[in-house]
Every structure is written in structure tokens, then in C-alpha cells.
Amino acid sequence: MAAAGKTRIMIENMFRDGSLKWLIGNRSSFREELEEMGRSPNAPGNWIRELSPIANIVVRRCSKILGVPAHELQEAFNNEALNALKNPSHYARNFLEYCAFRTLALSTQTTGHLTDKRFRRLTYDMMLAWESPAASSQPVLTVDEDATVGLEAFSRIAPAVPIIANVIISENLFEVLTSSTGGRLAFTVYEKYLNALERAIKKLKGQTDSSLLSTFRSSRGEKILEVDGTVTTQPVLEHIGMSAWPGRLILTDHALYFEALCVVSFDKAKVYDLSDDLKQVIKPELTGPWGTRLFDKAVSYKSINLPEPILFEFPELKGHSRRDYWLAIIREVLYVHRFIRKFQITGVERDEALSKAVLGILRLQAVQEISSTTPVRNEDLLTFNVCDQLPGGDLILETLANLSSSRKLDRSNSSDTALRIPSMAALAVVSNLGSMFGNSGSPSDECGIVVGEVAVGEMTALERSVKESKTSYKKVVLAQATVDGVKVDGIDTNLAVMKELLFPILELSKKFQSLFYWEDSTKSAVFCVILSYIIFRGWLGYACAIMLVLISAFMVVTRFVNQGEPVNEVRVVAPPPMNTMEQLLAVQNAISHAEAVIQDGNIALLKLRGLLCAIFPQASDKFAAVLFIVAVFLAFAPLKYVLLLTFLEVSTRYSPPRKASTERLMRRMKEWWFSIPAAPVVLERETDDKKRK
């Protein structure tokens, strides 16, 4: 009783001196809990002296859910945790994580846990406590109603509840939720997100419980993730060749279905399977009337089963957000099945992977609902889309595959380096959302299927992979920003920039050209002798290595010499500005020049075809004889002699003794080349019937 009285007096003093004013604010629940802790006969056991007030309250709630007193939780942690986790500087946070992860692993086994307001408040308060876990922690805010959560706390606690977030997308999700609140997450926004998530779940259950596609998806137990085109003002158009037809588009976790609109109902659904290895390519596409490419509002689906790509158009007045959303969720289903095939995932682990994709699409739907005025990058909130975009995303998927088996997860979570508490698997979570996922059994049956995305006191292998990948991605973003900053408009301006950048190479090529044309006989002779000797002695590889070493040394010296100094900018003299007509003429001239180059290339290829097909027998015989002689020489002569003779022939071609004979030989070669006829070409035009088909 004396200890309980001391605890009660301590709490009262904290209220009196204002230490807890930041915590209670206008919310009486914290005051009531603190007062109850002080009145309880087990007050000394309920109050952990190493924890802050809010951390004590969170641990007390956890102990009630777990049915274990707080002091017993502390004893269990002290007995199971390694010394590294019990370091005084991190003890409070590690113990808080231990209680939180154990509690969330148990709470998420309950059907409908997301709708429980106490569960929502608890998860948010866990984040608040995570930021100020120790008794010595100072509250960041002084007004409770303004208390918000930072990125680290959200990324640490939210992935323990798979329906709310996961390790891979938690940072992107946090950025979206806090886009209007200065990078800190308020409870009102958090609760709004969870409410939208609950509505997305109900929508998913309603769609899947309906009779849509019942004959198609019964064998695989497919879940309907999204439906569009049911409203006449927002149709979905399927383009096949020159024809387009409105209808209803349905996406499941295995396939894409399109039902053409008839007079009073929908026609039989066409199936575009996303689960088979059909070399599918899904990308944004332009559409328009009569095959024109005017509107960027369509998704192109291509596979080896189709003679030509199928386009699904999503008309809207402004922008293409509707198309972008469908593009992202279709790709998510496609990517998850690629992941399953690549790592040969089967059984429960396969269902687990599909469930991750399902939860990602649910989260995206919830975010889109609450962020209707703020543009959202859909790909950033979908697990397998993110892995496809990030540098090193393949390593994330590989880590994810290694964690897919529940037995592997159990073994990886029993590490000698950390005390780990497994979170609930995505499959178990979606199984508890409703009967749409089949008879998954009781919650206890799913306890063996866990996702080890959280670890007390340290990062898991998945978290490390994601962190390394995002670090690389930030470097890519910074590099891309510099690329975007140096882009200039206008053909003439870009040519001027390119000419300035290539100036050193052009000057070097001029030097070599003067050596090969023997403009200075002494320099050319010295160059020829030295390089011939290097080739003859077999030192060409060493010479190349020395050049690379010199370039590397130049880069290192330049780095240290210019350290701390501003970057040298490339200065380009801009050409005179061109009006619209001059720019059009410049484009026309460039196109004409490109056309001439392509024509010359085609003529050369056709002449080679004529030689190979002996259209001009006399030239073909000479060409065949030359090829035979070269082949015999290459077969029997050592490589260094081949290189040496080739170099001597090229480098001495315009030397004084050989110049006249070289000019005669080049003239005869040109005459011989011009005398070769080109192979005939016949152009066939497609008929209108073929185009319609």
C-alpha cells in the first residue's frame, strides 16, 4: 500500500507541476488511466520507471490485451532479450516495441479489428509513445490535440498491421498522408485513412460476394479488386483494330475481364489472363477516333495469345488519372504473378504473395478517396510496382521470397542477434476480412503464417534491403534532377551544346587524322614506328591499361584539386533565336538529311544482298575470292601479325610512297561499288479490308 501511495503521489505531482499537461490536454481518457494506475493496489507493478508516462499507458493497455501484468512483460523481456537490447540508452524503446508487437500480433487475429476505435487509438498512441519512450524523454508538443507522429514512428509501428502498411511502401504512404500537414501525421488524418480503408474493404467484399463472373472465377477463387464502366457517363472502351466498343472492365487477382455492353445487359466476358506466362506487356497508350493518336487515356495490353494489342480507353474530361489508376493496379496483379513464377512460390506462400497485392490495392483505393484534390503516384503505394521501379528492387523481391515460407520466417525470427516478434501475415489478415477469401479457418489456425517484417531493436533483412534501395533511388532522383536542369529547347541550341561537349574529341580526332594523312611526316613516322613496335611485342593490352590508369589518376587528382570549389559549368554560345518558320525548316532539313542517310544505308544493304545472291556474277566472284583469301589469312596468321598488318596498311595509306597508289585503289573501289546493282524491292500496300480486320 505504501508503494501504491508513493506512485499515486508521484503522478499527482506530475499533474501539478505541468509535466503531463502535454499528454492529457482535452482528452480525459489519459487522466483517467493515470489516476486508475495510481489507485490500483498493483500500482508499483503497473508503472515501469524506465518508461515515459505515455509509454506506461500504452504498455498498460498492451498488458490488458495480452492478459499479462506489465511487470511480468518486463520480466519476460529481460529474460529473453540479449544484452544489446537491454542497453539503458535503448531499453525503453525496445521494451515498448516488444509489448507493442506482441499485442498487435494478437489483435490482428480478430475479425474486424480495423473497425475497433480502441485498436485505432492504440496503434496511434504506440507511435506517439515510440517517439518519447523513456522517462527522460521530453514531449515534442505541449498541446495534446496537436500531437503528431513522425515518419520513423509510423514506419516502425504501422507495418506490424499489414492492412495499414508494410515495410516496402510505409515511407511513401506516410508522405501522402502528411502532404498537407507538414510532414507530421495527425490522428484525424490517420483515422480518416483507416475509415477509407474500411470502406474499401466493404466494397471489395460486396464485389466479390456478388454474382459477377461467377462462372469464370469459381475454379480459382478469384477476388474482384475493381470494376469500372458500369456508369454510362464513365464508360470503358475496348479498341480492337479500328473498332471500339463500350463495356464493363473487371480486375481480379488473376485476370482482366471485359464485358461488352449490349442493349439491356452485358455480353459474355472476354478473359485476359494475368497469371500465366504469356509475355504480357501493359503500358499507357494514345487513342482517338478512326485510329488516330490524340488522347493519352488508354492502357495497352499485349500478349503472345493476341494477334495485336488490345486498348482499354478510360475517357474523362481532364487529365488521365483514371487511366493511371487502372494501369497501376493491372500491373500490380501482373507483377505479383511474375514474382510467384520467378521464385516458384506455391501453396500458402503463393496465397500470401497475392494477399500482399490485394492489400496494396485496398490501401491505394483508401488513399485516393481521402486525397481527391492531391495527385497521388499510384505506383508508389503498390508493393510490386515499387519493387519494379526501385534500383535493387529485385533484391527486395528476393528477400521477400526468402521470407515467404512460414517455417523460414520462424527460423529467421529466432536469431541470436535480436529478439524478434513476428507480425501477422497478409494472408491471415485478408482471411479475417470476410468470407470472400474462402474458409480460412479460425484465427488460431493462421497463427503459424506470419510475416517477419518487424524486429525488436533492429532492422530485418527486408527493411535493410528497402533502405539500401531507397538510398540508391534518392541518388538517382538527384542525378535526374541535374539531367532535367540541363535540357535545352531547340534543335540549333542542342546542336551547339553537343558541339561544345564534343570539342575535345573532335580536336583529338583532328590530331589523329593529321597523323594518318601524313601532314607532318616526322610525327606520322614516329607514331607509326612506336605503335607498330607495341603491337609486334604484344604490348597493346598494357598500353590500353596504362591509358586507363592515366585517366583514372587524372580524375582523382582533379577531384582533390577542385574539392570545395564550384562545379565548372560548360559555357556554350547560344545561336541566334529562330522564329517558328525557321524552326520548322530546320526540322524539315534534319528529317531530309536523316531520310538520305537511311536511303544510303538501304542501298548498301541491297547491294550486299545483290553480291550474296550473285545478281551481278562478275562482282560476286571477285568478292567471294577476296573473302576466301581473308579467311585463309585469318585462319593461319597469328593475331598480332593481323593487327600489325592492318595498322600498317591504314597508317601508311597516305604516306608519300603510297599516296598515289592509294588514290588509284580507292577510285577503282568506288567504281566497282557503283557498278554493283541493288537487289530489287517490291512495296506492298495494305488493303482497307486488312486494316478493318
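Among contacts in the protein between residues at least 6 apart in sequence, 64% join residues at least 24 apart. The model examined here is a predicted one, and its secondary structure comes to 28 helices and 12 strands. Of the 693 residues of the protein, 42% count as buried.

For helix 7 (residues 91–107) and helix 8 (residues 117–131), the angle is about 165° and the axes lie 10 Å apart. Because angles over 145 degrees count as roughly antiparallel, helix 7 is described as roughly antiparallel to helix 8. The crossing by which helix 7 passes helix 8 is left-handed. On the side of helix 7, the contact is formed by R93, L96, E97, A100, T103, L104 and S107, and on the side of helix 8 by F119, L122, T123, M126, A129, W130 and E131. By class, the residues of this contact between helix 7 and helix 8 comprise eight nonpolar, three polar and three charged.

Helix 6 contributes A70, L73, Q74, A76, F77, N78 and E80 to the contact, while helix 7 contributes Y91, N94, F95, Y98, C99 and R102. The residues of the contact of helix 6 with helix 7 divide into eight nonpolar, three polar and two charged.

For helix 8, the corresponding expectation for 15 residues is a span of 21 Å, with which the separation of 22 Å between its end C-alpha atoms agrees. Since 12 of the 15 residues of helix 8 are buried, helix 8 is largely enclosed by the rest of the structure. The buried residues of helix 8 are F119, R120, R121, L122, T123, Y124, D125, M126, M127, L128, A129 and W130.

Within helix 8, M126 was examined individually. With a relative accessibility of 1%, M126 counts as buried. Leaving aside neighbours within four places in sequence, M126 is in contact with V58, C62, L96, A100, T103, L104 and I157; among these, L96, A100, T103 and L104 belong to the helix 7 side of the contact with helix 8. The C-alpha atoms of M126 and I157 are 7.2 Å apart in space, although the two residues are 31 residues apart in sequence.

Helix 10 (residues 170–177), in which V176 lies, was considered next. Six of the eight residues of helix 10 are buried, so this helix is largely enclosed by the rest of the structure; the buried residues are S170, N172, L173, F174, V176 and L177. When residues up to four places away in sequence are not counted, V176 touches V367, S371, V376 and L381. Of these, V376 is 200 residues apart from V176 along the chain, yet the C-alpha atoms of the two residues are separated by 7.3 Å.

Two residues were examined for their backbone torsion angles. Most residues other than glycine have a negative phi. K279, by contrast, is a residue other than glycine with a positive phi, near 55°, and its place is in the loop between strand 7 (270–273) and strand 8 (281–287). K279 counts as exposed, because its relative accessibility is 55%. W518, likewise not a glycine, has a positive phi of about 55° and is found in the loop between helix 21 (503–516) and helix 22 (521–536). With a relative accessibility of 15%, W518 counts as buried, whereas K279 counts as exposed.

Key: Residues are numbered from 1 along each chain as its sequence is written. This is a predicted model: local features need pLDDT of at least 70, side-chain atom pairs count only at pLDDT 80 or more; totals for chains, interfaces and linings use all residues. Side-chain values use heavy atoms; hydrogens and water are left out. Axes are lines fitted to C-alpha atoms, for helices over the stretch in contact, and angles run from 0 to 180 degrees between N-to-C directions. Helices (H or I, at least four residues) and strands (E, at least two) are DSSP runs, numbered from the N terminus. Angles under 35 degrees count as roughly parallel, over 145 as roughly antiparallel, 65 to 115 as roughly perpendicular and the rest as oblique. A crossing is left-handed if the near helix is turned anticlockwise from the far one by less than a right angle, and right-handed if clockwise. Contact means heavy atoms within 4.5 Å. Ala, Val, Leu, Ile, Met, Phe, Trp, Tyr, Cys and Pro count as nonpolar, Asp, Glu, Lys and Arg as charged, and the others, Gly among them, as polar. Buried means under 20% relative accessible area, exposed over 50%, partly exposed in between (1.4 Å probe, protein chains only). The expected span of a helix is 1.5 Å times one less than its number of residues.
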